[in-house]
Amino acid sequence: YSVPEETKEGFVIGNVAKDLGLDVSTLADRRFRIVSGSKDAPFQVNLNNGMLYVQNRIDREELCVDNNVCQVNLKIAIENPLEIHYVGFEITDINDHAPVFPEKEQNLKIAENTLTGADFQLLAARDPDSGANSLRTYKLSHNEHFELEIRDGGEDNKIPILKLQRALDRERNSKHHLVLTALDGGNPPRSGVMNITITVLDTNDNRPVFTKDVYSVTITESLPLGSLILQVNATDADLGLNGDVQYSFVSNLKKKVYDTFEIDSKTGEIRVIGDVDFEDTEIYRADVTASDSAESPMTTNCRVIIKVTDINDNKPEIEVTSLSNLVPENSKPGTVISLISVSDKDSGANGKIVCSLSDGTPFELKPSFQENMYSLVTQKALDRELVAHYDILLTVTDLGQPPLSSVKTLSIEVSDVNDNKPEFPQNPLELFLFENNPPGASIFSVSALDKDINDNAVISYHIIRGDGAKDDLASFLNVNSETGAIHALKSFDFETMKTGHFHVLATDSGTPSLNSSVTVNVFILDQNDNVPVILYPVSANGSAEGVEEIPRNVNAGHLVTKVRAYDSDIGYNGWLLFSLQEVSDHSLFGLDRYTGQIRTLRSFTETDEAQHKLLILVKDNGNVSHSATATVIVKAVEPKEAFAASDVKNPVKDEEENDVTFYLIITLGSVSVLFVISIIVLIVMQCSKSTDYSSKYLQDTNYDGTLCHSIQYRSGDKRYMLVGPRMSIGSTIVPGSNGNTLVIPDRRRRDSGE
């Protein structure tokens, strides 16, 4: 539907029910209604007849602001069944608005010397109507100096321009009154008017003149606020206001000029109002306008150049680009660690920079081809085990007076590489092990140190096997690869093996891995695990029994016999003592507790019995002592019987003594061979050592019936002896050592100066 604006309320637009083909009689039952729009909608429908009529005032300019075509859309709903119908309305314009100026009067001031052809824009009128009813033209009241020109401003805007056709003369007419009329295109047209008052100004025919065309001044940066730097001066030949000069900066300068300087409009003094920074701006250029105070002022310009000189007010700046703050310790000299850029905002000598590093570091600065660019490089080899972290002090100083400097600390971590092999605190090591150790038990522990860290310092231990030497114990031992604990796979016997050695290999977990080995010299220590053996007397059936016949006329001190015994142990464990366990007459016989010799204490008497039984106890000196017994039967006979018995028994006794001597020689020979082998091995080992270590086994040559053992060895400045029955009274037991180990004061060596 098309509806003109301002149509009266109740005006019937059309029968929308009929136009939609609906049954008028069912409209009420089907709730025929408009469902879109506000409660103040300009349209409504009659349910009785389906007529669409105007309900409220229609104002096109209110509904469609600045739109040439005004379209209003509504939705009509009807139920049972539900239907939605769309109804569109075009609101046509009528000329109900007149053009209106924003001001009722406009005042213009025009100098009398204004040239003809000059134009002056006037205020434009506005008309809310559209199309043909909008603003169309302007008319100017008749006059002899001005004419009207209309320009198109776009979007149906018409701009009135006042053009000067004839020169003005203030002395003839100082004011001109004009009327501007705006007309729209309606029928009949509507119009609006605005009064124009033109004031003719007196002529100012002299311009201000500066003393210089260009003013130049040099200042230092960081001047205090309010400092006077320059004064410009201009004069005007006119009198009064026409000769009163005002100063100002032109309006198109850089913002920095206005923020830094100001000019006094009366005196022309230019002062500092902001920070003067050479690093920000080196030269300021400004144009200053001198204007008189006439109603139509005349102006002139001059150029002001302000040069700023640098002072040393900026510290050097350091920028570090780290390739990595973690440097491997095997980095070659010349490896680049960081890139360093230094800068100084000052210029000249104030901007020249000298860089230096703190002393005592394995780093140096190398300049780049680009100025003020440096590389921090390694100067010599690094060693993390000596120094793992460096704090390098980088100092940059400019050459200004006084010089300014900046300092930056560069932190560098040295990362570990596997360059240190495991080290044992001592090589070789000595292990003193008691015999009869339980198999599988830990007998020793080795530990190596690796100066590296992390995986490079994780150490595993292995026993080196396959030496093949006679005293190599590797096949009898096992080692815990993580802890270094040594376990014996068998029980050792001092009487079978007295010394030995093995090698332990320590390997780290680095890549590639490094290793070192240590030699462990083992000394088997004796325990009292052997029972004394009676060598004499021995009967034919092997028991320790014997019969001795002596004349009854022997004197006191006569040697009846000598009990001989042997103990495979050494030291106290092999030191045998003899005692009479049972004897028929204590006053008749005596026993030497050290040698086993049985002697008469007195001469025989008539009352003494002819046969005496002696039970001899042979006991060693171990902590838990072992013993054996021998029985000697002494028969006292008349001298002739003794000689006869002696003659009869000589062959038998000689044979028995020969057997005993043979066994004794075999035993002593075996022991001697073992001792000689041990001495040779120890001598070879000591020759391979750098320390003063020697060992040798010596057999006591003063054999008096008891097989005594003594072993001497030296370690460092101490000499040790494992002794048998005969000991030096000055011998002392070493604390913490085996009970058999004695330290012998080496008086002889001190006396001889050895």
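Which residues have the most contacts inside the largest nonpolar core? In this predicted model, they are Phe210, Val232, Phe261 and Val304, and the core that holds them has 28 residues. Several strands contribute to this core: two or more residues come from each of β16 (214–220), β17 (228–231), β19 (245–249), β20 (261–263), β21 (269–272), β22 (283–292) and β23 (299–309). Leaving aside its neighbours within four places in sequence, Phe261 is in contact with Ile219, Ile229, Phe249, Ile270, Arg271, Val272, Ile273, Tyr284 and Ile306.

Attention can now turn to a sheet elsewhere in the chain. Here 4 strands form an open, antiparallel sheet, and their order is β24-β26-β29-β28. The edges are taken by β24 (317–322) and β28 (363–367), each of which pairs on one side only. From one strand to the next, the twist averages 25°. The loop between β28 and β29 contains Asn372, a residue that is not a glycine and yet has a positive phi of about 65°.

Most residues other than glycine have a negative phi, and most peptide bonds are trans. Asn454, also not a glycine, has a positive phi of about 55°. Asn454 sits in the loop between β33 (442–445) and β34 (459–464), and it counts as exposed because its relative accessibility of 62% is over 50%.

One joins Asn427 and Pro428, with omega at about 5°, and Pro428 belongs to the loop between β31 (405–415) and β32 (429–434). Another runs from Tyr536 to Pro537, where omega is near 5°; Pro537 is placed in the loop between β39 (533–536) and β40 (545–551).

Finally, the cysteines deserve a brief word. A disulfide is a covalent bond between the sulfur atoms of two cysteines, and the structure holds 0 of them. Cys302 has a relative accessible area of 3%, which is under 20%, so this residue is buried. Cys687, by contrast, reaches 63% relative accessibility, which is over 50%, and therefore counts as exposed.

Key:
Residues are numbered from 1 along each chain as its sequence is written. This is a predicted model: local features need pLDDT of at least 70, side-chain atom pairs count only at pLDDT 80 or more; totals for chains, interfaces and linings use all residues. Side-chain values use heavy atoms; hydrogens and water are left out. Two strands pair if DSSP finds at least two bridges between them. Axes are lines fitted to C-alpha atoms, for helices over the stretch in contact, and angles run from 0 to 180 degrees between N-to-C directions. A disulfide is a pair of cysteine sulfur atoms within 2.5 Å. Buried means under 20% relative accessible area, exposed over 50%, partly exposed in between (1.4 Å probe, protein chains only). A nonpolar core is a set of buried Ala, Val, Leu, Ile, Met, Phe, Trp, Tyr and Cys residues joined through side-chain atoms within 4.5 Å. Contact means heavy atoms within 4.5 Å.
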